[in-house]
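This report covers chain contacts, a domain pair and a sheet. Have the structure open while reading.

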Amino acid sequence: MEIPYTVTARPDTGLWNAKVGIWLFLASEVMLFGGLFSAYVFLRLDADPGVWPHGLLNVPVGTMNTAILIASSVTVVMAWASLKMRKFRAYWWYMLVTILCGVIFLAVKLVYEWPQKFEHFGAFIKKDKLEKYEQYLGNHHLAEKGLPPRTEISGHLHNHDALHDENAKEYEIALDPVNADPTNPNMDRPHFLYVPPTEKMATIEKEDVEYANMFLPKHSAYFASYFTITGLHGAHVLGGVIVFTYLWLPVGTKLYKRNPEHLANRVEVAGLFWHFVDLVWIFVFPLFYLL
Amino acid sequence: MNETDEPSIAETAPVGTSPEDAHDENVAHNVSKHIRAYLMVGGTLITFTAITVFLSYVNFGTMKANVAVAMVVATFKAGLVAAIFMHLSNEKRMIYRILMFTAFFVLGLFFLTYLAWYDPVTR
Amino acid sequence: MDASSGLATHPPAEHPAQHEDHGHDHHELPFWRKYIISTDHKVIGIQYGITGLIFLFFGFSLMMLMRWQLAYPGQEIPLIGNLLGRMFGPGAVENGVMKAEFYNSLGAMHGTIMIFLGIVPIAFAAFGNFVVPLQIGAPDMTFPKINMASYQAFFFGGIVMLTSFFVPGGAAKGGWTSYTPLAVLADKGQNYDPFWNGQTLWLVGFILLITSSLLGAVNFIATIIQLRAKGMTWMRLPFFVWAQFVTAFLLLLAFPPLESAVVMQLMDRIAGTSFFMPTGLVVNGAPLHVSGGGSPLLWQHLFWFLGHPEVYVLILPGMGIVAEIIANNTRKPLWGYKSLVFAALVLGFLSFVVWAHHMWLTGMGSVVSAFFQTTTMIISIPSVIILSAFFISLWGGSIRFNVPMLFATAFLPMFGIGGLTGIPLAFNSADLYLHDTYYVIAHFHYIVAPGTIFAVFAGIYFWFPKATGRRMNEFWGKVHFWPSLICMNIIFLPMFLQGMLGMHRRWYDGGQGWTLAGEKVWGLSGFQWNTPISIAAWVMGLAQIPFIINFFWSIKRGQKVNDNPWEATTLEWTAPSPPPHGNFEVTPTVYRGPYEYSLPGREADFTMQSEPMTESDRKAYETAAAAGVH
């Protein structure tokens with residue numbers, strides 16, 4: 001028993017099976033990320049003024065990762081085109097570059113970006129205590145300019161125990177530039193280059209804090225959606241890398257010798273998935289890094 | 001969608017099993033024509049990434065305006081990826097149909113973000 | 001992605017010989033390859049069917065336990081009370097008396113199991129897998145290995161759900177809807193284990209079940225698009241295939257948003273995020289230590305974005321089965337085939353824009369309410385078209401009242417009651433009163449229980465000969481049917497009364513302490529009505545025994561029948577019973593529509609889809625067209 005139209009197209013639809021399959025799968029993926037993005041918009045619209053943070057992520061690194069993902073999209077479509085032209089050598093190289101791009105993307109995310117966030121600290125000040133910390137928040141200055149207020153003081157936490165210790169009464173923070181010099185007009189908008197916390201120290205009483213935590217998913221609705229969406233996106237990248245590696249290994253070579261069109265079809269299907277992952281990132285990048 | 005009485009689908013099409021058999025000169029030629037387009041789209045996408053980064057530091061008045069600008073650029077980029085890399089500019093009718101359904105439902109899904117403003121618990 | 005690895009394509013001329021070879025090959029497959037990890041759509045269909053039936057009965061057993069507590073609140077459970085105490089510990093059942101937490105677990109798991117582990121696997125996956133490829137003349141599903149993976153994901157999801165009964169604190173208690181923030185906080189007492197607790201396992205099990213549905217849905221749609229036999233045009237598809245097609249689309253597009261919501265709730269529970277936790281939440285008098293900034297309503301929106309299409313996932317396959325059986329047993333073409341198809345499509349479309357009618361009590365703005373009220377009204381139109389077409393199909397037919405037909409005919413009024421009683425719930429104003437009462441329970445159970453489950457039984461009796469080559473016993477089938485029908489109505493009709501008395505669906509004491517429940521309706525108070533309902537539920541449990549015995553007995557001992565015992569017209573009846581691996585001895589070609597019964601000028605009163613057109617057929621068509629029929 002064999003199933004028709006695995007390699008050749010069915011005449012009336014003009015499609016082979018896996019292509020229908022992958023597009024259906026991508027349709028469901030659109031809905032999956034649609035659910036997450038609509039949750040993001042829902043929560044962001046719902047957030048109190050000043051609570052949704054801006055400029056917490058490293059923009060140059062994010063830009064680089066975007067470029068890497070776009071480059072890999074180009075190489076994967078070139079890999080497919082090479083197969084269509086029956087240039088196996090070229091296919092092999094393009095595929096290798098694609099896989100490497102995927103690995104670099106993941107490495108940057110998991111080794112650099114995420115851990116850097118985990119070491120950062122932020123404390124949301126209670127609404128009635130904002131005035132007390134005016135020297136770090138600069139809300140009078142922001143109000144004059146008609147900008148939304150700041151409610152969070154962030155930086156490098158010196159007394160880590162304070163997070164769990166019931167007896168500790170205050171947090172000692174090496175302030176981020178924005179809190180160190182809040183009335184500087186340069187700080188009104190996020191910086192392009194990442195600037196590490198300053199030497200300037202601040203002490204914040206735990207009593208005045210609404211909620212404080214490291215930049216973990218539980219830190220805020222923003223980081224919750226950031227880690228969930230980029231995590232799920234990263235899982236997709238990983239899945240793509242695994243599939244590409246499978247097609248790139250000798251298994252692919254064997255299939256090429258038996259039926260090159262079949263391999264080309266598989267690369268096309270895997271490529272469609274990869275482009276979709278790229279497409280999701282195109283929205284993730286501005287929504288989390290830039291806005 | 002063929003509703004004539006006669007069977008409309010050929011039972012099968014010939015399949016090549018060796019590289020030579022299946023290699024259609026036309027296909028190779030058509031693909032090679034597209035390569036330039038792929039490279040150019042790649043370049044455009046990276047350029048627009050830079051543009052969107054730049055635009056996010058320009059003050060368009062309100063946050064909403066900045067979001068709108070960024071989303072317009074992102075949609076343009078996504079459109080390029082879908083149309084050229086994913087071959088949607090020249091795809092079979094069945095795929096368009098599937099995606100039309102999906103587009104309809106994803107719009108329905110985003111309708112709920114509008115409902116966020118009607119949240120009586122937190123608002 | 002492409003599961004069809006290693007399947008080279010051969011010219012069709014080799015087909016017959018191929019199949020014989022395969023027949024031999026297949027016998028040599030070891031048992032576990034043939035029945036446990038098979039990629040054959042028929043085996044997978046049967047696996048789904050039997051697993052689903054077991055879960056269906058298990059879910060029903062949970063309800064039989066709950067019915068004891070409702071009818072005799074606080075009294076010792078007879079016979080098995082002590083056994084349950086030993087199984088689930090004193091936290092659940094103490095001295096044979098059910099505790100409130102355990103009652104909540106039973107309720108939540110009854111809903112979850114019946115819907116996601118019972119009905120969907122049977123009505124969609126089992127019948128879809130077994131029947132759809134046969135009906136469209138395909139050798140198998142497009143992606144057999146993905147099909148197998150789909151079943152396995154379902155199976156493990158089921159195992160995870162069952163395991164959750166035995167973790168400390170018991171299974172999920174948040175209702176089948178798992179509303180936040182309660183569901184996020186559930187089980188988080190002392191000795192809280194971040195993974196081994198009821199609600200977290202519920203979420204994990206759910207992810208597996210959603211994955212299974214997605215894989216299945218992709219496969220179904222691709223199969224129907226790609227593997228229709230020669231000549232099987234869209235408008236020649238049996239209505240059952242159309243119903244499955246729309247259902248698959250609903251699953252494909254409605255489940256992923258819920259999957260994202262499940263992932264978010266999992267993050268809330270495990271990583272401590274606040275997707276669904278509002279700012280300033282106070283629990284047990286102390287502010288909760290979470291960041292806040294989330295929205296409980298977000299969960300409801302995302303849940304019902306699946307939840308409402310899910311209703312049509314439950315009912316559409318049932319309608320498809322009933323359509324096949326009605327056409328077959330009235331010996332007439334199905335009335336209004338095209339209207340049925342378009343009604344099913346419209347139903348599918350509209351089911352995505354009505355979800356918020358489950359949320360009237362959240363106090364949405366009047367504009368939003370008006371919008372969803374309107375769409376909800378509109379969606380009743382295609383449902384009514386479908387039901388009317390079925391009723392009209394009965395008109396003037398010489399009906400064969402065999403067991404499948406009995407169940408299929410019973411489906412019609414039962415679904416009708418369920419549908420019509422839904423209309424008051426669609427109105428914001430009426431729903432304010434009826435929301436979360438037994439009225440709602442009665443309404444949707446009329447659709448799903450005597451509706452879909454009867455359709456499922458009809459389908460089992462109808463396609464059993466195709467799967468086994470034997471027919472199920474008619475007499476015992478009737479013994480199964482009549483008590484089931486009567487008991488269903490004794491169970492659910494009084495619930496409308498209870499609901500209108502304001503009895504809440506989640507009360508642990510069956511409404512004993514509710515003053516209005518003391519009011520007498522038809523001789524009994526609202527609370528007293530619990531007793532006849534419960535007795536009917538237990539009798540209905542007994543009434544399933546003839547079915548179970550009949551089912552297994554008939555596999556080996558049932559009356560042997562030919563390939564087309566019901567004299568039906570669709571393609572599955574041209575294949576041998578049971579069909580071999582690859583289904584058809586000769587790949588079928590289709591020449592005509594699906595329901596060509598009692599064609600004028602023919603000796604037999606049925607004409608199979610694979611029979612070529614004759615000259616007299618053409619003439620009959622022309623006359624019919626001239627007379628405006630079809």
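## Two domains in chain C

Chain C is divided into two domains: domain 1 spans 39-241, and domain 2 spans 576-630. The model is a predicted one. Between the C-alpha centres of domain 1 and domain 2 of chain C the distance is 39 Å.

These domains of chain C touch each other. Domain 1 of chain C gives 13 residues to the contact, and domain 2 of chain C gives 13 residues. On the domain 1 side, 7 residues are nonpolar, 4 are charged and 2 are polar.

## Chain C against chain A

Chain C also meets chain A. Here 46 residues come from chain C and 44 residues from chain A. On the chain C side, the elements that give two or more residues are α1 (15-28), α8 (198-226), α9 (239-270) and α10 (296-330). The largest share belongs to α9(C), with 10 residues.

What is the make-up of the side of chain C that touches chain A, by nonpolar, polar and charged residues? It divides into 24 nonpolar, 19 polar and 3 charged residues.

## Chain B against chain A

Chain A has a contact with chain B too. Chain B contributes 54 residues and chain A contributes 50 residues. Four helices of chain B each supply at least two residues of the side that touches chain A: α1 (19-22), α2 (25-56), α3 (63-85) and α4 (93-115). Of the chain B side, α2(B) provides the largest share, 15 residues.

By class, the side of chain B that touches chain A holds 35 nonpolar residues, 16 polar residues and 3 charged residues.

## The sheet in chain A

Chain A contains an open sheet of 5 strands. The order is β4-β3-β2-β1-β5, and the pairing is antiparallel. Which strands stand at the edges? They are β4 (201-205) and β5 (209-214) of chain A. Each has a single partner strand, so one side of each is left without a neighbour in the sheet. From one strand to the next, the twist averages 35 degrees.

Strand β1 of chain A covers residues 121-125. It pairs with β5(A) in the antiparallel sense, over 5 bridges. Within this pair, A:Ala123 of chain A stands opposite A:Ala212 in β5(A).

Key: Residues numbered from 1 in each chain as written. Chains lettered and ligands numbered in written order. Predicted model: local features only at pLDDT ≥ 70, side-chain atom pairs only at ≥ 80, totals over all residues. Contact = placed C-beta atoms within 7 Å. Nonpolar A, V, L, I, M, F, W, Y, C, P; charged D, E, K, R; others polar. Domains from an automatic or database assignment. Pairing = 2+ DSSP bridges. Axes fitted to C-alpha atoms, helices over the stretch in contact; angles between N-to-C directions.
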